[in-house]
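Hi,

Here's the structure I said I'd pass along.

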Amino acid sequence: MDFEPIASLETTRREFRAWLNAHSNVCTRWRELRHGEDTRKRVEFLRHWQRTLQSERWVAVHFPEEVGGRGGSLLEHLVVQQELARADAPPLINGAAVTIFAPTLLLFGTTQQRQRYLPPLLAAEELWCLGFSEPNAGSDLASLRTRAERQGDVFVVNGQKVWTTYANQADYGLFLVRTDPQAPPHRGISSLIVPMRSSGVTVRPLREITGDTDFNEVFLENVVVPATNLVGELNRGWDVILTALGHERGTLLLVDHVRRKVELEELHRWLRATGKANDLLVRQRFAEFWTEVAIMGLHGLALVSDLQHGRTPTNVSVLKLYGSELAQRFLDFALTAQGPYAQLWRGDDRVVRDGAWQHTWLMARAMTIASGTSEIQRNIIAQRLLGLPRN
Ligand SMILES: Cc1cc2nc3c(=O)[nH]c(=O)nc-3n(C[C@H](O)[C@H](O)[C@H](O)COP(=O)(O)OP(=O)(O)OC[C@H]3O[C@@H](n4cnc5c(N)ncnc54)[C@H](O)[C@@H]3O)c2cc1C
């Protein structure tokens, strides 16, 4: 593994950092909005931000120019994402679609599909959701039951999805559907682009523990979808999903340690300002977290090294497990350090940082579930990395 910075990446980093510095007012505005309860206002703000980024083609640097990228490398894209995290900039509203759906469409989509959907997706002119999970198909996604029946040149879709992030805001969704009920579970699944405003699509928002309503239930009743919306081959949707989730885990995780570091720095400032940093136990715990985030960064470098040398990354599950559990422990610490003030919520006169850590602490419960639970990551590590038997 090579620890030296790669010269071409540092050029991209400098160029993007300068651009971001010129837009630093956006980061300040985001700090005021990010923990607010008004989802619609937040979405509008984030939409505008992604459009601004895309006006200079910073959203997907590694994509070909004809669909809105800069024709750069995946590592250059990751550098841009890391800089966004470092500046504590607003996230991409279409972030999951940029990370998961867009690379999948590049690989499996037709030329027409790429040209039609990618430019408005990158510019957040059209928002996307991902309809994979169902009430009885989460970790065991292959048991999904939503049916799509081919009738002439359309599919008719019936079923239910759940936990569909931003389905209440989305224009389109990439849905996993069963197209051959007789085939074994991993076969007979296809992926379809479903226009969310179609007749027969009902979206019911779910209120989360944070008070936000980003998740939804999606009901599909005789929804007619053109057959041209099939992504990849019929009944080969499992290959599509494996590619999609591989992108999600790899790329999102590489940015996470930068985000944790920014949070730690914020906590550090607060501990010093309140005099709590003088407590020996607090200092010791803080040093432990600092070390752990540095370890996470080194795991990230190993992942970059794999990508750079064209190897399939081996430690993605380790990074996911370690990073998500570390985030929960770190936020427990941030709340414990507040003492009884930790019980206050935003809006209260005496709440610390307008309840930002309280909000993230609650949200962090989701980190060990989303994109594969901790138990599933442990299974993968045991079986694929350590070669242990299944039972
Ligand atoms: C923040 C967030 C965003 C999400 N966004 C989306 C989205 O946009 N689109 C979408 O489709 N889905 C989304 N999801 C859903 C997510 O993919 C599922 O929650 C996840 O895959 C787990 O599935 P489940 O909730 O059905 O839990 P289950 O699979 O029912 O698991 C329940 C418990 O059993 C354990 N378990 C299950 N199988 C095993 C096993 N073989 N061995 C050991 N333990 C096991 C799990 O670890 C868990 O603790 C999101 C979830 C979160 C938290």
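For what follows, a polar contact is a pair of N or O atoms within 3.5 Å; within protein, one must be able to donate a hydrogen and the other to accept it, and residues adjacent in sequence count only if both atoms are side-chain atoms. Bear in mind that this is a predicted model: local features need pLDDT of at least 70, side-chain atom pairs count only at pLDDT 80 or more, and totals for chains, interfaces and linings use all residues. Numbering runs from 1 along each chain as its sequence is written, and side-chain values use heavy atoms, with hydrogens and water left out.

On to the ligand. The side chain of Ser139 has an N or O atom 2.6 Å from a ligand oxygen, and the side chain of Glu375 likewise places an N or O atom 2.6 Å from an oxygen of the ligand. With Ser133 it is a backbone N or O atom that sits 2.6 Å from a ligand oxygen. The protein buries 62% of the 980 Å² that the ligand exposes when taken alone (Shrake-Rupley, 1.4 Å probe; for residues, only the protein chains shown count as cover).

Around the ligand there are 15 residues (a heavy atom within 4 Å), with Leu130, Ser133, Ser139, Thr373 and Glu375 the closest. The ligand lies between domain 2 (129-234) and domain 3 (239-385), because both give residues to its shell; the bounds come from an automatic or database domain assignment.

One last item: there are 0 disulfides in the structure (cysteine sulfur pairs within 2.5 Å).

Cheers
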